[in-house]
Amino acid sequence: MAASRGAAMAEVVLFPHALGVTDGVRAFARLLEDAGHTVHVRDPFDGETFDDVESGVARARELGFDAIAQRDAEAVAGLPAGLVYLGMSLGVMSAQPLAQNRPGARGAVLLYSCVPPEEFGSWPAGLRAQVHGMDDDPYFAHEGDLDAARALAAAEPSVELFVYPGSGHLFAEPGAPGHDEDAARLLTRRVLDLLDELDAGAPRGTAEA
């Protein structure tokens, strides 16, 4: 999906989580579009969606995680440079390596997941990014992603880490397990702030909210 409202300020590629391109994912994309940005939503499952993370991860394992990331990279190859790569949980496995390695990346938004950057090479100097997750999320907080995000934010002044109280995983999307309306509103505002600030100003550091 790609759409815009007037002159787009940023061009975003959104890689969804293991539930697939759900109504919640589409709603999040529309929020960015309504703010004037262009959003391309990749679909790793060709329209298939899942009711729980485990089922989606099992399907991704059948397809092959590397194969999904390769297809995503091939699809992005037809888009211009200067993209913002936004990954949601499983989608971070495509968004983060593209942000680190595809020339011209403007920024990255990593929701609910973060991988140590050395897994994909090195973090580009000055690449703006945000990482968002909850402090008791069993996936984000207890499987090493939060530690990786803290290390990345400490090492790279251009990376912001936002940690929210709670245990929800896909907390920013209505209808998703663990949705938190207040945290979702704050996350969305912060993402929109980043998109608006990419061409000016200094990164604001880290925050645990």
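Modeller: Let's start with Leu-83, which sits in the loop between helix H3 (65-76) and strand E4. Helices (H or I, at least four residues) and strands (E, at least two) are DSSP runs, numbered from the N terminus. Before going further, note that this is a predicted model, in which local features need pLDDT of at least 70, side-chain atom pairs count only at pLDDT 80 or more, and totals for chains, interfaces and linings use all residues. Residues are numbered from 1 along each chain as its sequence is written, and side-chain values use heavy atoms, with hydrogens and water left out.

Leu-83 counts as buried, at 0% relative accessibility. Buried means under 20% relative accessible area, exposed means over 50%, and partly exposed is in between (1.4 Å probe, protein chains only). The C-alpha atoms of Leu-83 and Ala-108 are separated by 8.6 Å, although these residues are 25 apart along the chain.

A nonpolar core is a set of buried Ala, Val, Leu, Ile, Met, Phe, Trp, Tyr and Cys residues joined through side-chain atoms within 4.5 Å. The largest one has 39 residues, and Leu-14, Leu-86 and Leu-195 have the most contacts inside it. Strand E2 (11-15), H1, E3, H2, strand E4 (84-88), E5, E7 and H6 each supply at least two residues of this core. H6 gives the largest share, seven residues. In soluble globular proteins, nonpolar side chains tend to be buried together.

Strand E5 is our next stop. Leu-110 has its place there, and it counts as buried at 0% relative accessibility. Gly-175 is 65 residues from Leu-110 along the chain, and their C-alpha atoms are separated by 20 Å.

Now for Tyr-112, whose place is in the loop between E5 and E6. Its phi is near 70°, a positive value in a residue other than glycine. Its ring also leads us to the aromatic pairs. Rings of Phe, Tyr and Trp (its six-membered ring) pair if their centres lie within 6.5 Å; planes under 30 degrees apart count as stacked, over 60 as edge-to-face and the rest as tilted. By this rule there are three aromatic pairs. The rings of Tyr-112 and Phe-171 have their centres 5.5 Å apart and their planes at 70°, so this pair is edge-to-face. Tyr-112 lies in the loop between strand E5 (107-111) and strand E6 (128-134), and Phe-171 in the loop between strand E7 (159-164) and helix H6 (181-197), so the pair ties together parts that are 59 residues apart in sequence. Both partners are inside: Tyr-112 is buried with a relative accessible area of 1%, and Phe-171 is buried with 0%. Phe-171 also forms a tilted aromatic pair with Tyr-164, at 5.2 Å centre to centre and 50° between the planes. Tyr-164 is buried, like Phe-171. Tyr-112, Tyr-164 and Phe-171 form one aromatic cluster.

Let's turn to open space. On a 1 Å grid over the protein atoms alone, a cavity is a set of points where a 1.4 Å probe fits but cannot get out, whereas a pocket is an open set with protein on both sides within 12 Å along at least five of seven lines; lining residues have an atom within 4 Å of a point. The largest pocket has a volume of about 350 Å³, where volume is the space filled by probe spheres set on the points, which are joined across faces, edges and corners. It is lined by 16 residues, and the closest to its centre are Val-57, Ser-89, Leu-90, Ser-113 and Glu-143. Helix H2 (residues 53-63) gives the most to this lining, with three residues.

Ser-89 lies in the loop between E4 and helix H4 (92-101), and it counts as buried at 14% relative accessibility. Ser-89 has a positive phi of about 55° although it is not a glycine.

Helix H4 also holds Ser-94, which counts as buried at 5% relative accessibility. A polar contact of 2.6 Å joins the side chains of Ser-94 and Asp-72. Such a contact is a pair of N or O atoms within 3.5 Å; within protein, one must be able to donate a hydrogen and the other to accept it, and residues adjacent in sequence count only if both atoms are side-chain atoms.
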